[in-house]
Amino acid sequence: MSFAAIVESINNIVWGPATLLLIVGTGVFLTFRLGFLQVRDLPYALKLTFSRSKKDSRDKGDISHFQSLMTAMAATLGIGNMTGVASAILLGGIGALFWMWVAAFFGMATKYGEAILAVKYRVVNHKGEISGGPMYYIEKGLGWKWLAVLFALFGFLASFGIGNMTQSNTVSNSLADNFGINPWITGFVLMLVTALVLLGGIKGIGRVTAIFVPFMALFYILGGLIIILSNITLVPQAFAIIFEAAFNTDAALGGTIGLAIRYGIARGVFSNEAGLGSAPIAAAAAKTDYPGRQALVSMTGTFLDTMIVCTITGLTIVMSQLYVGVPDDEVANVQSLLTGQAFEQFLPGYGNYIVVFAILLFAYSTIIGWSYYGEKCFGYLFGDKNTIIYKVVFVAIVFIGAGTKSDIVWNIADIFNGLMAIPNLIGLLFLSGVIVSETKKFREVRKQEKIDEKQQKAS
């Protein structure tokens with residue numbers, strides 16, 4: 001058996017049914033323990049995310065609620081929102097989209113739990129910066145240093161793969177295919193702009209992503225919404241096909257229910273990262289007075305990523321097949337269409353360029369976000385004073401990845417990404433009591449705040 005085949009086999013085991021069950025099971029468990037918090041508190045969470053409070057500037061932390069979310073979204077919003085959705089449809093059929101939504105719904109509770117623990121157990125390093133994440137809440141909350149080290153090791157290694165080489169390689173290939181730009185030139189430019197942001201630390205990353213991420217997300221979302229609203233009559237039929245295919249027992253709609261569940265959940269997790277343990281590293285740096293407040297903000301990341309961006313991608317792909325008048329029983333052929341082709345079909349002449357530009361922005365943002373995750377994992381393992389070593393190596397690998405073409409790199413990256421999730425999910429399950437306790441404390445705070453707000457309005 002070749003090395004590539006061995007790596008692929010390991011990847012299939014790591015991302016097999018047991019891991020997917022653990023990921024979704026943790027989300028379901030936390031959803032019930034928290035009383036479906038992702039439904040009840042989503043409006044307030046969105047208000048917290050997009051409103052600015054003077055009080056936040058006085059709270060402990062390095063960056064604002066919004067900057068923290070945008071740093072996490074920078075790493076989360078990526079090529080998975082485009083090619084990942086197409087891949088889910090290709091491998092699991094149209095019904096995989098439904099199971100992506102299911103994974104995201106329960107993943108919102110998981111993301112909430114990760115963030116609440118990250119803020120509660122965060123520490124201040126020798127530079128006066130906040131450090132937090134699964135390695136800290138596993139060590140301080142459970143006392144399992146060995147498990148915390150495993151998470152940090154897998155997170156550190158994953159940052160070079162899924163958060164670096166695979167992203168720069170995708171960008172360089174896309175620009176080479178569409179504009180004939182030499183991959184090494186792309187790599188050199190990416191390396192320079194990455195280095196400039198990394199030198200600013202988390203505050204620099206926070207400032208850049210607070211401007212950069214909303215712009216790139218709106219750019220892609222507007223392109224998708226133009227297509228959807230211009231062809232609104234196709235939307236009901238597209239949703240009907242998705243729901244029908246989600247519970248399909250044969251291959252008539254492009255995949256059996258088993259494949260739809262497997263690839264819908266797997267690609268959903270790749271897209272929104274709920275349960276992987278990456279996003280809470282950024283959440284820990286937020287200026288906040290209570291862990292529960294930042295946790296609600298973090299929860300919206302999964303909602304925005306999958307329920308909004310991935311849905312736009314998925315609908316566009318499904319609608320593209322309906323647009324050309326293919327009979328319903330042949331909609332399975334939609335899996336042969338990539339996101340770029342779907343956009344081009346509705347917006348001929350420039351639809352594909354929207355996707356190309358979005359890939360450039362999304363991949364670069366992922367590099368920036370994951371650089372912070374990797375730096376914190378490296379600092380936990382080898383000391384914060386040595387993180388400059390990590391930054392130099394990370395920047396260099398951006399350049400190397402742009403000119404490297406290998407499916408092995410993707411599989412190895414997937415393996416470490418999956419291995420990150422296991423220690424984190426174990427920590428979440430064993431510390432679920434702490435999550436519930438902190439949630440109750442914050443609910444009492446919110447009750448008093450509502451009373452105070454009413455009294456202020458009355459006066």
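Predicted model: local features only at pLDDT ≥ 70, side-chain atom pairs only at ≥ 80, totals over all residues.
Residues are numbered from 1 along each chain as its sequence is written, and side-chain values use heavy atoms, with hydrogens and water left out.

**View 1. Helix 10 packs against helix 17.** Helix 10 (residues 183-198) and helix 17 (residues 351-382) have axes 10 Å apart, at an angle of about 40°. That angle makes helix 10 oblique to helix 17, where angles under 35 degrees count as roughly parallel, over 145 as roughly antiparallel, 65 to 115 as roughly perpendicular and the rest as oblique. L190, V193, T194, V197 and L198 in helix 10 meet Y364, I367, I368 and S371 in helix 17, contact meaning heavy atoms within 4.5 Å. By class, this contact of helix 10 with helix 17 has 7 nonpolar, 2 polar and no charged residues.

**View 2. Helix 10 also packs against helix 18.** The axes of helix 10 and helix 18 (residues 387-402) come within 7 Å and cross at roughly 160°, and the two helices are therefore roughly antiparallel to each other. On the side of helix 10 the contact includes P183, W184, G187 and F188, while on the side of helix 18 it includes K391, F394, V395 and A396. Sorted by class, the contact of helix 10 with helix 18 has 14 nonpolar, 2 polar and 1 charged residues.

**View 3. Y112 belongs to the largest nonpolar core.** This core has 87 residues, and those with the most contacts inside it are Y112, M135 and L296; a nonpolar core is a set of buried Ala, Val, Leu, Ile, Met, Phe, Trp, Tyr and Cys residues joined through side-chain atoms within 4.5 Å. The largest share of the core, 12 residues, comes from helix 9 (residues 145-179). Leaving aside its neighbours within four places in sequence, Y112 is in contact with L34, L37, G292, A295, L296, M299, I435 and T439. Apart from this core lies another, of 46 residues, among them F106, I312, M319 and F362.

**View 4. F36 has a positive phi in a loop.** Most residues other than glycine have a negative phi. F36, although it is not a glycine, has a positive phi of about 55°, and its place is in the loop between helix 2 (17-33) and helix 3 (37-40). At 32% relative accessibility, F36 counts as partly exposed, because buried means under 20% relative accessible area, exposed over 50%, and partly exposed in between (1.4 Å probe, protein chains only).

Conventions:
Axes fitted to C-alpha atoms, helices over the stretch in contact; angles between N-to-C directions. Helix = DSSP H or I, 4+ residues; strand = E, 2+ residues; numbered from the N terminus. Nonpolar A, V, L, I, M, F, W, Y, C, P; charged D, E, K, R; others polar.
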